[in-house]
Amino acid sequence: MAKQTAPLRTTADPPGGSALAAGTKPDSAVVRDALGVGIAVGLSGFAFGVTSAGSGLSLLQTCALSLLVFTGASQFALVGALAAGGNPYTAAAGAFFLGVRNAFYGLRLSQLLALPRALRPLAAQWVIDETTAVTLPQPTRRAARIGFTVTGLTLYVLWNLTTLVGAMGAEALGDTDAWGLDAASPAVFLALLAPMLKSTTERVTAALAVLLALGLLPVLPAGVPVLLSALAAPVVLFLMGRAKGHGVSGTETEDAGATRVEGDR
């Protein structure tokens with residue numbers, strides 16, 4: 001009789017994490033991937049520094065946003081709304097709701113990384129799109145921790161340095177709108193998001209959110225279309241739930257009819 005052996009699990013793997021225990025990955029490969037993302041995205045902090053300074057924020061305010069907020073899409077949303085003449089409270093609300101997504105990332109990453117309690121408040125600052133994108137595909141907890149740490153550290157340092165340089169050099173560039181630098185971070189965000197839209201529901205939700213934002217942009221104050229585009233998620237989930245419910249009801253009706261026919265024979 002052939003002897004069956006279970007896949008080797010280590011204490012570094014989270015309980016119940018079958019996907020995480022599926023294989024191993026060299027530390028050097030994880031570091032390489034993390035550095036690639038951290039450097040590529042970190043350099044776009046220059047675009048934020050220039051855009052923020054061009055929207056009227058001071059050097060101190062610009063650097064404080066990168067140091068304390070540290071989520072590029074929200075930062076660009078805030079300064080973009082201010083530059084367009086939007087209400088500061090509306091701009092802040094739009095940036096806040098964009099940043100809320102990081103809380104949902106944190107729910108998954110907290111289980112995956114299982115960091116000591118003392119480190120969790122510090123790690124929370126690095127829970128962003130890029131660290132999540134690098135951490136989630138890792139096959140082991142060790143690889144996940146390396147990917148998260150290297151990506152977070154590299155991106156945080158570079159983002160803040162390039163923000164400073166961009167804000168200081170904004171005057172030398174002249175009209176920042178002519179350079180289109182405000183599109184740099186959203187473009188990076190979309191590049192990271194696109195591969196994660198695997199199901200039909202996710203793609204439909206993303207498409208509807210884009211249509212809502214673009215459709216409402218000409219008629220609502222700056223910052224508000226971004227807030228309302230979040231309605232795409234509950235709308236799509238509601239419609240998918242109704243469609244699934246009708247499908248189940250039809251199936252149950254057919255099964256009941258088949259049962260009656262069998263009983264009559």
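Leaving out its neighbours within four places in sequence, Val236 is in contact with Thr201, Val204, Thr205 and Leu208; contact here means heavy atoms within 4.5 Å. Val236 sits in helix H14 (residues 232-264). Helices are DSSP runs of H or I with at least four residues, strands are E runs of at least two, and both are numbered from the N terminus. Is Val236 buried or exposed? Val236 is buried, because its relative accessible area is 4%. Buried means under 20% relative accessible area, exposed means over 50%, and partly exposed lies in between (1.4 Å probe, protein chains only).

All of this comes from a predicted model, where local features need pLDDT of at least 70, side-chain atom pairs count only at pLDDT 80 or more, and totals for chains, interfaces and linings use all residues. Residues are numbered from 1 along each chain as its sequence is written, and side-chain values use heavy atoms, with hydrogens and water left out.

Now for the overall picture. The protein has 14 helices and zero strands. Of its 265 residues, 34% count as buried. Among the contacts with a separation of 6 or more, 75% are between residues 24 or more positions apart.

Next, have a look at helix H2 (residues 45-54). Seven of its ten residues are buried, so H2 is largely enclosed by the rest of the structure. These buried residues are Gly45, Ala47, Phe48, Gly49, Val50, Thr51 and Ser52. Just after H2, Gly56 takes a positive phi of about 110 degrees.

Helix H4 (residues 72-83) meets both H2 and H5, and H5 covers residues 88-99. The table puts the two pairs side by side. Axes are lines fitted to C-alpha atoms, over the stretch in contact for helices, and angles run from 0 to 180 degrees between N-to-C directions.

| Helix pair | Axes come within | Crossing angle |
|---|---|---|
| H2 and H4 | 9 Å | roughly 20 degrees |
| H4 and H5 | 8 Å | roughly 165 degrees |

How should you read these angles? Under 35 degrees counts as roughly parallel, over 145 as roughly antiparallel, 65 to 115 as roughly perpendicular and the rest as oblique. H2 and H4 are therefore roughly parallel to each other. In their contact, Ala47, Phe48, Thr51 and Ser52 of H2 meet Gln75, Phe76 and Val79 of H4. By class, that makes four nonpolar, three polar and no charged residues. Here Ala, Val, Leu, Ile, Met, Phe, Trp, Tyr, Cys and Pro count as nonpolar, Asp, Glu, Lys and Arg as charged, and the others, Gly among them, as polar.

H4 and H5, in turn, are roughly antiparallel to each other. On the H4 side the contact is made by Ala73, Ser74, Ala77, Leu78, Ala81 and Leu82, and on the H5 side by Pro88, Ala91, Ala92, Ala95, Leu98 and Gly99. These residues divide into ten nonpolar, two polar and no charged.

Finally, a word on confidence. The mean pLDDT (the predictor's confidence in each residue, from 0 to 100) is 78 for the protein, and 73% of its residues reach 70 or more. Confidence is highest in helix H9 (residues 141-168), at a mean of 95, and lowest in helix H11 (residues 184-193), at 60. Over residues 256-265 pLDDT stays under 50, and the model has zero contacts there beyond four places in sequence. Where pLDDT is low, the predicted coordinates should not be read in detail.
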